[in-house]
Amino acid sequence: MTTAVEDLHLVGVTKRFGEATAVADLSLDVPAGSFFALLGPSGCGKTTTLRMVAGLELPSSGRILLGERDITRRPPYRRNVNTVFQSYALFPHLDIHDNVAFGLRRRGIRAVDAPVREMLELVELGGFARRRPAQLSGGQQQRVALARALINRPDVLLLDEPLGALDLKLRRQMQLELKRIQTEVGITFIHVTHDQEEALTMADTVAVMNGGRIEQLGSPIDVYEGPQTAFVANFLGQANLYPGVTAGAGAEATGVAITIADATVTVPVSALAGRSGRVVVGVRPEKVRVVDPSAEHDLPANRLQGTIAEVAFVGVSTQYVIALPSGARLAAFEQNLDPREVGRPGEPVALGWEPRHTFILDADEDLRAGLLDQTPVPPADPVAAPLSGSAPGAR
């Protein structure tokens with residue numbers, strides 16, 4: 001089943017509640033037929049944005065367009081936009097067939113059996129038509145809610161934290177199911193979530209929101225691998241962030257040396273994007289290799305020495321927090337390719353990462369932005385300042 005859909009445009013949308021601004025001058029384009037994620041912490045404005053698209057809230061200013069149609073002031077029932085909520089909102093006194101058929105019957109459509117059957121097959125509940133919601137698992141109920149929304153063939157389907165009530169294993173299963181269904185029906189999905197894994201797993205485009213604004217927008221790979229702010233680096237996964245200062249051309253013509261607290265590292269010229277002087281150097285924990293000091297020669301070009309401060313074996317990886325000589329700490333995740341004895345706190349180690357895995361941020365970034373602990377880090381000496389990053393398991 002596929003349906004013709006149109007692009008969604010938000011143009012300078014602002015929403016105020018009294019003196020508080022929930023969404024500030026937000027503009028974005030959601031391509032037709034895409035899976036789009038609004039990702040951010042509680043209070044960032046993502047749900048308010050979703051409710052304005054649904055017609056449940058009116059913008060204080062700005063416009064919302066579906067194709068060339070201005071739907072800013074249209075009531076919800078005239079937008080052809082449906083919403084799936086975390087609570088499912090199924091009718092307990094109706095069986096699954098009648099729950100899914102509800103929207104069609106409200107529109108006066110009598111021949112509902114064939115489209116209901118098609119929807120239940122789509123969500124892999126073909127044999128459950130005569131059961132009641134109470135007889136289904138949480139994941140099955142979520143699929144019914146999805147089928148009930150999709151049967152109306154909306155131009156846009158809004159998903160408001162739809163997997164939040166499910167346990168971890170089922171939530172991961174449903175992430176793949178939602179992506180499969182969206183690909184099959186070809187309808188635009190806009191998914192609101194605070195869960196980074198959900199956004200990265202399902203979305204074609206991720207918009208990271210903070211304080212009512214979009215901090216960064218792009219594909220999951222681009223946003224994760226190339227964060228443009230400390231908030232994005234810390235909120236979308238984990239990151240090690242060092243204040244540093246550019247020191248000149250590195251050993252290769254394509255690299256630039258940057259002095260940080262414990263060493264000099266090399267980064268590609270392209271990563272600097274024209275910056276010079278004071279900068280922030282970042283690297284993701286999974287990019288860092290940890291070895292015995294005697295094997296330091298096997299490490300990539302950017303090398304540091306340190307001591308294990310914390311270590312945790314979590315099955316798929318061993319997660320380290322390394323104390324560096326300056327007092328800085330660095331998180332490193334080592335994939336569990338071959339089981340071996342993990343290091344112990346107090347043991348010396350060498351660590352390193354490829355220069356191409358380094359990203360660079362502006363020097364005035366608050367290095368704790370996006371962390372659970374929001375204590376700000378004041379501007380500091382780029383050589384002596386300690387690392388600011390999130391330890392394993394912090395999120």
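**Salt bridges and a sheet**

Modeller: This is a predicted model, and a place to begin is the salt bridge in which the side chains of Asp 98 and Arg 105 meet, at 2.9 Å from N to O.

Colleague: Is Arg 105 buried, exposed or partly exposed?

Modeller: Arg 105 has a relative accessibility of 42%, so it counts as partly exposed.

Colleague: And which side chain does Glu 310 meet in a salt bridge?

Modeller: Glu 310 meets Arg 329, at 3.3 Å from N to O. That pair links distant parts of the chain, since Glu 310 belongs to strand β16 (residues 302-313) and Arg 329 to strand β18 (residues 329-335), 19 residues apart. Glu 310 counts as partly exposed at 40% relative accessibility, and Arg 329 counts as partly exposed at 42%.

Colleague: How many salt bridges does the structure hold?

Modeller: The structure holds 19 salt bridges, and one of them is formed by Glu 6 with Arg 69, whose closest N and O atoms are 2.9 Å apart. Glu 6 lies in the segment before β1 while Arg 69 lies in strand β5, so this pair ties together parts that are 63 residues apart in sequence. Glu 6 is partly exposed at 33% relative accessibility, and Arg 69 is partly exposed at 28%.

Colleague: Switching to the sheet, then: in what order do the 4 strands come?

Modeller: The order is β2-β1-β4-β5, in an open sheet with antiparallel pairing. The edges are taken by β2 (20-30) and β5 (69-70), each of which has a single partner strand, so one side of each is left without a neighbour in the sheet.

Colleague: What packs on the sheet?

Modeller: Helix α1 (residues 46-54) does, touching β1, β2 and β4 (61-66), and its direction makes about 115 degrees with that of β1.

Colleague: How many bridges join β1 to β2?

Modeller: Strand β1 (residues 8-17) is joined to β2 by 7 bridges, the two running antiparallel; Leu 8 has Val 30 of β2 as its bridge partner, and Arg 16 stands opposite Thr 21 in β2. Their hairpin has 2 residues between the strands, and in it Gly 18 takes a positive phi near 65 degrees.

Colleague: And what about β1 and β4?

Modeller: Those strands also run antiparallel, joined by 5 bridges, with His 9 standing opposite Leu 65 in β4.

Note on methods
Residues are numbered from 1 along each chain as its sequence is written. This is a predicted model: local features need pLDDT of at least 70, side-chain atom pairs count only at pLDDT 80 or more; totals for chains, interfaces and linings use all residues. Side-chain values use heavy atoms; hydrogens and water are left out. Two strands pair if DSSP finds at least two bridges between them. Contact means heavy atoms within 4.5 Å. Axes are lines fitted to C-alpha atoms, for helices over the stretch in contact, and angles run from 0 to 180 degrees between N-to-C directions. A salt bridge is a side-chain nitrogen of Lys or Arg within 4 Å of a carboxyl oxygen of Asp or Glu. Buried means under 20% relative accessible area, exposed over 50%, partly exposed in between (1.4 Å probe, protein chains only).
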